[in-house]
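Hello,

Here is the structure I promised to hand over. Please open it first; my notes follow below.

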Amino acid sequence: MALIELEKISKKYGKDEYTTVALKGIDLTVHNGEFVSIMGPSGSGKSTLLNIIGCVDVPTEGIYRLDGINVTTLRDKELSQIRNRTISFVFQHFALMHNFTVFENVALPLFKRDISKKEIKEKVDYYLEKLGIADLRKKNVSKLSGGQKQRVAIARAMAAETDIVLADEPTGALDQENGARLMELLCQMNEEGKCIIVITHDEKVASYTKRIVRIVDGQIQSDTKGERQ
Amino acid sequence: MKYTRIAFSSIVKRKLSILLMALQLVVSFWMINHALITIDTLNYQEKQLFSISKMDEYKTVKLTMPDGDDTQWFAERFRQLETYIKSLPEIQGYGSFNTTSIVPQDFPKWQKYQQRNKQLYAGTRREDDIESSGIIYFDYDIYRLFTKFVVIKGRMLEEADFQKENNDVIPVLVGYDYRDVFRIGDRFKAEAGAGEKNIKVTYEVVGILEKGSRWLSGNDYFVSPADNLDHFFVAPFFPEQREGRPISVAVRLHNTFIQLHSEKQFKDVKVAIMKKGKELGISPVLQTVRKDVDAYQENTRKSNHYALAIGTFFLIVTLIGVISVTISSIRARKYEFGVMMVTGASKRDISFMLIMELFFLIGISAVIGVIVSYLTEVNNDFLGYNIRLEAFTWWLYGKVAIIAIFIILFSAIIPLWNIKKLELRELVEGRE
């Protein structure tokens, strides 16, 4: 069974003459363990697609099934559960809580779960160690470099232990070296069985993925295999 | 809920605006609390008056003399007026009480008496005055008609006890705390009067008062807290104490009452006494206890309404401030909320977090407001005890809590509506 199944997904913003069509009848299926990059120029609708896949936004038309469940009809509370247990995000702008420590940021998705403080600590420490940022655990994230911040964001996605990781231009704010390191981490997560979907306009980033979906004007233009198989 | 930690952290982050709002809220709660105390104190005072004494709202009349003084001239005229009042057929009883202090001497256990007072007065303004105790002198009618206290040993005072001369042995009741200092039949001496007319009076203990016996304050029978008679003496007036000097008459005037057979007689009695007063050249004023209490309460209510109005005004201004600061904080924290929501927080969690913040801010301010109010009252005990402290009960705290909850809910409505309208898509598109 497909993990992500989009059927004729459309998304419109605004009303009447101010309507903007971001997505036009997208059909897309993604299976467990896939590593997909979604490419397209600015305004092509790739971020809107990621938002819909990530249950951050809802489609105007069409059906979105996540692990067999039609999520287009779910309410905020149920969508938040999905965002907490099934999907993790890695953003270009890191999406970290300022004035909170590295530890607290990584633990954020675990706050919502029914697990003890001890378990949270063990899990967070494990991933901080794995990413080589254990020595930063008590440091305020606002004092970290871009590369360190992105590692914290990856650690948070790993600690959440979700099936899907969505990354929106994850290397956008990083230098070449840190960008490459990040992509290696995403590859590593994919090898561990996670389904990774990356939004990018960078061919180099796309080259790390196993499948490349190109979007132009809200429609899928091509869906091809990536370099990394 | 682990989001509570985020709520507290957010409060700390916005410390200056939170501090200013808290300050405003503390002042508001202080004002509101002040008004609530005043209302409660009025109720407490009235309840105290009628639970401690058998005074009747309409049949008991308070006699005052606005032009009364401590001259011989006035004392003579007032005595004539008293004789006239007692002669009126409508009068069931007439008399006064006076609260003062005496130094008992020449009795077997005076050392134990002083030790007891040392314990009783420790930490009070009387701690250096362990040789003396309070004493309340009564006229027979006041004692007979209005007092409720009883003895646990010996006997109560009788009519004959109130007809003693200065040289007679004066019967006395002693408070419960002195039950093992004095035995029934013990005698002690104490001075009465002053200067050349100073005399030594002999008292004889005839009864021990029940624990917790109370009587109205000599300072103000309604406004001031009642005296606990456990470390007091109770005795009948004798001539020197009642009439000895013009000042004794003037002092008695604070607590002089008339008891009527029927409340319908008040108007006629008032006219008659005022007419007699005019003949004597003095100006008696009569008011039923109900009217006296009402006049005080009315006066107090006016200032109370003013305090309530100011408190409410402050509260409304603060409420607007809390709402606007909370709304702008939501706008400023959109990114933070976005991060929380993409990691699994629902709008309900964010709303809960916001209410926690308001609860913390308003709750703490309410508690500080009550504490400030309490400290103000404690430092305002110029008479040794502030009756307003009696108002600090769970009932008051409950009312403050209800007001605080109302403010929390009211100030949360618009911000929560703002959270409901948040679009997660817009939040995650935000940048640091």
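A helix axis here is a line fitted to C-alpha atoms over the stretch in contact, and angles are taken between N-to-C directions. Please keep in mind that this is a predicted model.

With that in hand, take the helix pair in chain B. Helix α9 (residues 289–332) of chain B and helix α12 (residues 394–420) of chain B have axes that come within 9 Å. They cross at roughly 35°. The crossing of α9(B) past α12(B) is right-handed.

On the α9(B) side, the contact includes B:L315, B:L319, B:V322, B:I323 and B:R331.

Now the strands. Strand β2 (residues 91–102) of chain B pairs with strand β11 (residues 256–260) of chain B. That pairing is antiparallel, over five bridges. B:S96 stands opposite B:T256 there. β2(B) is also joined to strand β3 (residues 133–138) of chain B, by six bridges. These two run antiparallel as well. B:T99 has B:I136 as its bridge partner in β3(B).

Finally, chain B as a whole. It has 13 helices and 12 strands. Of its 432 residues, 49% are buried. Among contacts with a separation of 6 or more, 79% link residues 24 or more positions apart. The chain exposes about 20,700 Å², and carbon and sulfur atoms supply 57% of that area.

Best wishes

Definitions and conventions
Residues are numbered from 1 along each chain as its sequence is written. Chains are lettered from A and ligands numbered from 1 in the order in which they are written. This is a predicted model: local features need pLDDT of at least 70, side-chain atom pairs count only at pLDDT 80 or more; totals for chains, interfaces and linings use all residues. Side-chain values use heavy atoms; hydrogens and water are left out. Axes are lines fitted to C-alpha atoms, for helices over the stretch in contact, and angles run from 0 to 180 degrees between N-to-C directions. Helices (H or I, at least four residues) and strands (E, at least two) are DSSP runs, numbered from the N terminus. A crossing is left-handed if the near helix is turned anticlockwise from the far one by less than a right angle, and right-handed if clockwise. Contact means heavy atoms within 4.5 Å. Buried means under 20% relative accessible area, exposed over 50%, partly exposed in between (1.4 Å probe, protein chains only). Accessible areas come from the Shrake-Rupley method with a 1.4 Å probe; for residues, only the protein chains shown count as cover. Two strands pair if DSSP finds at least two bridges between them.
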